[in-house]
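The following note is written for a reader who is new to protein structures. Please read each point with the model open alongside.

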Amino acid sequence: MGSDYPIGGEEYDYAYYSNEYSNESDILDQCDNSDWNLSFSLLPVLYMLVFVLGLSGNGVVIFTVWKAKPKRRSADTYIGNLALADLAFVVTLPLWATYTALGFHWPFGSALCKLSSYLVLLNMYASVFCLSCLSFDRYLAIVHSLSSARLRSRSSMFISLAIIWLLAGVLALPSLILRDTRVDRINNITVCDMDFSSVSSKQNEQFWIGGLSLLNTVLGFLIPVLLMTVFYCFIGGKVTMHFQNLKKEEQKKKRLLKIIITLVVVFAICWLPFHILKTIHFLNLMDFLYLSCPVQSLIVRLHPYATCLAYINSCLNPFLYAFFDLRFRSQCFFFFGLKKTIHGQISNTSSSLSAQTQKSEIHSFATKV
């Protein structure tokens, strides 16, 4: 089909490999940018797997956070909103799986094209903003535990959540406004694609594409990763100092630092390939970088797999919480009727929380990205 890219560029905007755009066609028509045949069967399976795991995992997180209202921490509220953002995204995956399986034919109409694309981009921004707020919350709790009470109050938390969703909603608007269906007469299919005709001439479309791509990468990846890295560097230093005089806690110190590194690295691994490929493509599109045909073709074909890897992050988060956070795992078991099985575990955890408040706060921060 010549890479009218609905997967990576479509859902996270701004990777437009369509020959419909004259600016791109001069570059791309010279090269073979057809998709691997395997993509049309493998990607729908991967998408549906992420859908099942993400729907169930994030559903459990939302239920657990909601049921734990009397003892809910501020971090738990951020986690609930992160799960909500992920859930809003994963419910669109059956549409994109069908789209791919049909050879990038969109049979669901213009409204769902706009809405599902908007939800995907909304999730990306809301997720990274929630993760950044989680990092900041844990930074305040560990590094400035005595002086951050006002910043970590309930009112401050709800204000930050309102800002997160408002900002994410505004930044995702280009997808809602500019995305629409169009007929590809060459391949006799309907695609869900960006249409810049209402805001730009075809000669200037590449600047809109490049600008939106830059905005997407800077606000949706670079700044959040930088913030999380800075916060966790301070947290890591504080944790190391805290355990210097506690020899019995040496193994716990190593485990906490390993959890911090693991969560940050997982996030970066899931998103970095997508942003790298997208950035390289648009640098080439805007003549800042020259790529040979084989390299261009490889980028086009790898893009949906990089996108799929980014999507996997939405179903991994609940399992990371459950694996690393004893308190969260205990609550899940308790609320789903397994109280007897883990009664001793919950009792021990509660005892530890009440007897060693500062230590438990340090233990819990490592589960919150």
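Is Phe104 buried or exposed? Phe104 is buried, with a relative accessible area of 1%; buried means under 20% relative accessible area, exposed over 50%, and partly exposed in between, with a 1.4 Å probe and protein chains only.

1. Basis of the note. This is a predicted model, in which local features need pLDDT of at least 70 and side-chain atom pairs count only at pLDDT 80 or more, while totals for chains, interfaces and linings use all residues. Residues are numbered from 1 along each chain as its sequence is written, and side-chain values use heavy atoms, with hydrogens and water left out.

2. Overall composition. The protein has 14 helices and 2 strands; these are DSSP runs, numbered from the N terminus, with helices (H or I) of at least four residues and strands (E) of at least two. Of the 369 residues, 51% are buried. The accessible surface comes to about 16,800 Å², and carbon and sulfur atoms hold 68% of that surface; areas come from the Shrake-Rupley method with a 1.4 Å probe, and for residues only the protein chains shown count as cover. Among contacts between residues at least 6 apart in sequence, 79% join residues at least 24 apart; contact means heavy atoms within 4.5 Å.

3. Helices α4 and α6. The axes of α4 (residues 74–90) and α6 (residues 109–143) come within 8 Å and cross at roughly 165°. That makes α4 roughly antiparallel to α6. Axes are lines fitted to C-alpha atoms, for helices over the stretch in contact, and angles run from 0 to 180 degrees between N-to-C directions. Angles under 35 degrees count as roughly parallel, over 145 as roughly antiparallel, 65 to 115 as roughly perpendicular and the rest as oblique. The crossing of α4 and α6 is left-handed; a crossing has this hand if the near helix is turned anticlockwise from the far one by less than a right angle, and is right-handed if clockwise. Residues that meet here include Tyr78, Leu82 and Phe89 in α4, and Leu119, Ala126 and Leu134 in α6. By class, the contact of α4 with α6 has 14 nonpolar, 4 polar and 3 charged residues. Ala, Val, Leu, Ile, Met, Phe, Trp, Tyr, Cys and Pro count as nonpolar, Asp, Glu, Lys and Arg as charged, and the others, Gly among them, as polar.

4. Helices α4 and α7. The axes of α4 and α7 (residues 154–171) come within 11 Å and cross at roughly 20°. The two helices α4 and α7 are therefore roughly parallel to each other, and their crossing is right-handed. The contact is made by Ser74, Thr77, Tyr78, Asn81, Leu84 and Ala85 of α4 with Met157, Ser160, Leu161, Ile164 and Trp165 of α7. These residues divide into 7 nonpolar, 4 polar and no charged.

5. Helices α6 and α7. The axes of α6 and α7 come within 8 Å and cross at roughly 145°, and the crossing is right-handed. Among the residues that make the contact are Tyr118, Tyr125 and Phe129 of α6, together with Ile164, Trp165 and Leu171 of α7. The contact of α6 with α7 has 13 nonpolar residues, 1 polar and no charged.

6. The α5 region. In α5 (residues 93–101), the residues Leu93, Leu95, Trp96, Ala97, Tyr99 and Thr100 are buried. Trp106 lies in the loop between α5 and α6 and counts as buried at 2% relative accessibility. Trp106 and Asp193 are 87 residues apart in sequence, yet 9.8 Å apart in space, C-alpha to C-alpha. Leaving aside neighbours within four places in sequence, Trp106 is in contact with residues including Leu95, Trp96, Leu112 and Val191.

7. Backbone angles. Most residues other than glycine have a negative phi. Which value does phi of Phe104 have? Phe104, which is not a glycine, has a positive phi of about 65°, and is found in the loop between α5 and α6. Gly103, which follows α5, also has a positive phi, near 75°. Asn188 has a phi near 60° and lies in the loop between β1 (179–184) and β2 (189–194). Asn188 is exposed, with a relative accessible area of 68%.

8. Gly54. This residue is placed in α3 (residues 39–67) and is buried, with a relative accessible area of 0%. Not counting residues up to four places away in sequence, Gly54 touches Gly59, Leu87, Val90 and Cys315.
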